Amino acid sequence: MSASQPASPASLAQMLLDWYDRHRRRLPWRAAPGVRPAPYRVWLSEIMLQQTTVPVVAGYFRRFLERWPTLESLAGAELDDVLHAWQGLGYYARARNLHACARLVLAEHGGRFPAEENALRDLPGIGRYTAAAIAAIAFDRPATVVDGNVERVIARLRAVDTPLPQAKNALYALAAEITPEARAGDYAQALMDLGASVCTPRNPGCLACPWQNACEGRAQGIAESLPRRAPKRERPLRHGVSFWLMRSDGAVLLRRRPDEGLLGGMIELPTTPWRDEPWDLAEASAHAPQPLPWQALPEPVRHGFTHFEIELLVAAAETEEGAADGDDGAIWCPPSRFSEHALPTLTRKLVRYAARHRPGLVRK
Ligand code: SF4
């Protein structure tokens, strides 16, 4: 293995840019070499890429652009249509923020994204990483772009063995030292490419890496073990009961969640509040949409969110009548038309479970 040699930040940046000029990935949202991409495309791709992989995002990006080719068209879209098109990308707060951001940029910035990181961070759904990525890629500002991939590369390059998340600020400062003034957008994308295709979590391809002779983690033989991480705490488990209420015409009661909070604005089965203790059915019935003899299906449905897991028992009943659509956010819909609504993954799991365990619950 080569011994590490001191390399100045400027030469590290140049090595990476030279490598990028030969090995850059072709991505649907990337402009041709030397061409500045449209901020709308950069922003859209970066929001989609938060928590989602490149192959998954590619199809969504193409479909969104076909449907809403400009910021103005997206700002003019109905929120429901945007949520529906987002289905499958997860984390629906991102879709709501996307829509709110398009409207705000149109209303307060004349339809043009600001170029400064701080102004970008004031927009809905844009945090430190995304603001830096847009400032660098769309406006060539020397912004330091640090996500999990970049943290890994920098921790290895500089042999930082402080565990994450404590090491976050130090890694950001080390990354900022290398960020060049010129070609900042290409440099940011080069660093993303290096993390995605060479300095991978397992078996980093050091022999193909432009920084191989400068990498302290490699010289010390500890690269693959970096970055270190503090042990994970277990996610807490929460509990609730969802109500499957079928009307005599086969329609099932759905409702819209409040706009704020988890799964905001999405369509769900009526549900008790979620809490730490399990519910018994009699107690849960106080939150049911109608006082009926509710029957619990055998197993709860489990679903994981980022910070907790939820177990939902499904209680089923039939009714002759239901309140009209719109009362209390109620939507009566036959299961064959559920796909017309923006159902989050959790609701789709509950529907599949109800259909599997009680076929009679889903009338065609
Ligand atoms: Fe990552 Fe290896 Fe390159 Fe170091 S030499 S930055 S460990 S790929």
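Which domains does the domain assignment of the protein give? There are two entries: domain 1 covers residues 9-225, and domain 2 covers residues 237-361. The model shown here is predicted. Its domain centres, taken over C-alpha atoms, lie 37 Å apart. The two domains touch. Domain 1 gives 8 residues to the contact, and domain 2 gives 15.

How much area do they bury between them? The size of an interface is often given as the accessible area lost when the parts come together. For domain 1 and domain 2 the figure is about 840 Å². Carbon and sulfur atoms account for 45% of that area. On the side of domain 1, three residues lose the most area to domain 2: Gln 87, Tyr 92 and Arg 96. Together they make up 54% of what domain 1 buries.

The interface of domain 1 and domain 2 holds 1 salt bridge. A salt bridge joins the side chains of Asp 80 and Arg 256, with 3.1 Å from N to O. Asp 80 falls within the bounds of domain 1, and Arg 256 within those of domain 2. Polar contacts between the domains number 3 residue pairs, with both residues at pLDDT 80 or more.

Which elements of domain 1 give two or more residues to the side that touches domain 2? They are the helices α5 (79-86) and α6 (92-108). Helix α5 supplies the largest share, 3 residues. By type, the residues on this side of domain 1 split into 3 nonpolar, 3 polar and 2 charged.

Key
Residues are numbered from 1 along each chain as its sequence is written. This is a predicted model: local features need pLDDT of at least 70, side-chain atom pairs count only at pLDDT 80 or more; totals for chains, interfaces and linings use all residues. Side-chain values use heavy atoms; hydrogens and water are left out. Domain bounds come from an automatic or database domain assignment. Contact means heavy atoms within 4.5 Å. Buried area is the accessible area (1.4 Å probe) that two parts lose on being put together, summed over both. A salt bridge is a side-chain nitrogen of Lys or Arg within 4 Å of a carboxyl oxygen of Asp or Glu. A polar contact is a pair of N or O atoms within 3.5 Å; within protein, one must be able to donate a hydrogen and the other to accept it, and residues adjacent in sequence count only if both atoms are side-chain atoms. Helices (H or I, at least four residues) and strands (E, at least two) are DSSP runs, numbered from the N terminus. Ala, Val, Leu, Ile, Met, Phe, Trp, Tyr, Cys and Pro count as nonpolar, Asp, Glu, Lys and Arg as charged, and the others, Gly among them, as polar.
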